[in-house]
Amino acid sequence: MTKKTKNKYNHYTEDFRREAVRRADDPNTSAAEVAKELGIHPGQIYNWRRQYKRLSDKQFNSVQGVDYSMKESEEVRKLKRQVADLKEENEFLKKATAYFSKDKW
């Protein structure tokens, strides 16, 4: 793991961040222990973990060869909305069918 230093701010490589998050997720160690070992603030690991889970546009775009770019995420969100709309429509049709199938005579 290597980290880059530029100006007065530390800039860490994606491999460094990914490894820090992986080590902090180990049940035998805590994020604070890993942060102390790496010489960074524990909050930074929590931030990287959050970013890793969100898979934002600029960080952690691919995991194990799978592309998780914003374009694909938008498509997934669109499909989830469509599924939710179809489920709602299906529930409505079930209720309508039950209402109109009642024998009113």
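This is a predicted model: local features need pLDDT of at least 70, side-chain atom pairs count only at pLDDT 80 or more; totals for chains, interfaces and linings use all residues.
Let me begin on one side of helix α1, where Asp15 and Arg22 are exposed, exposed meaning over 50% relative accessible area, buried under 20% and partly exposed in between, with a 1.4 Å probe and protein chains only. Residues are numbered from 1 along each chain as its sequence is written, and side-chain values use heavy atoms, with hydrogens and water left out.

On the other side of α1 from those two exposed residues, the buried ones are Phe16, Arg17, Ala20, Val21 and Ala24. Viewed down the axis of α1, these buried residues fall within an arc of 130 degrees, so they line one face of the helix; the arc is that of the directions from the helix axis to the C-beta atoms.

For the chain as a whole, the secondary structure comes to four helices and four strands, in the order β-β-α-α-α-β-β-α along the sequence. Helices here are DSSP runs of H or I with at least four residues, strands are runs of E with at least two, and both are numbered from the N terminus. Of the 105 residues, 21% count as buried.

What does α1 meet in α3? Phe16, Arg17, Arg18, Ala20, Val21 and Ala24 in α1 meet Ile45, Trp48, Arg49 and Tyr52 in α3, where contact means heavy atoms within 4.5 Å. The axes of α1, residues 14–24, and α3, residues 42–54, come within 9 Å and cross at roughly 100 degrees, which makes α1 roughly perpendicular to α3. Axes are lines fitted to C-alpha atoms, for helices over the stretch in contact, and angles run from 0 to 180 degrees between N-to-C directions; under 35 degrees counts as roughly parallel, over 145 as roughly antiparallel, 65 to 115 as roughly perpendicular, and the rest as oblique.

Turning to α2, residues 31–38, its axis and that of α1 come within 8 Å and cross at roughly 140 degrees, and the two helices are therefore oblique to each other. On the α1 side this contact is made by Phe16, Ala20, Arg23 and Ala24, and on the α2 side by Ala31, Val34, Glu37 and Leu38.
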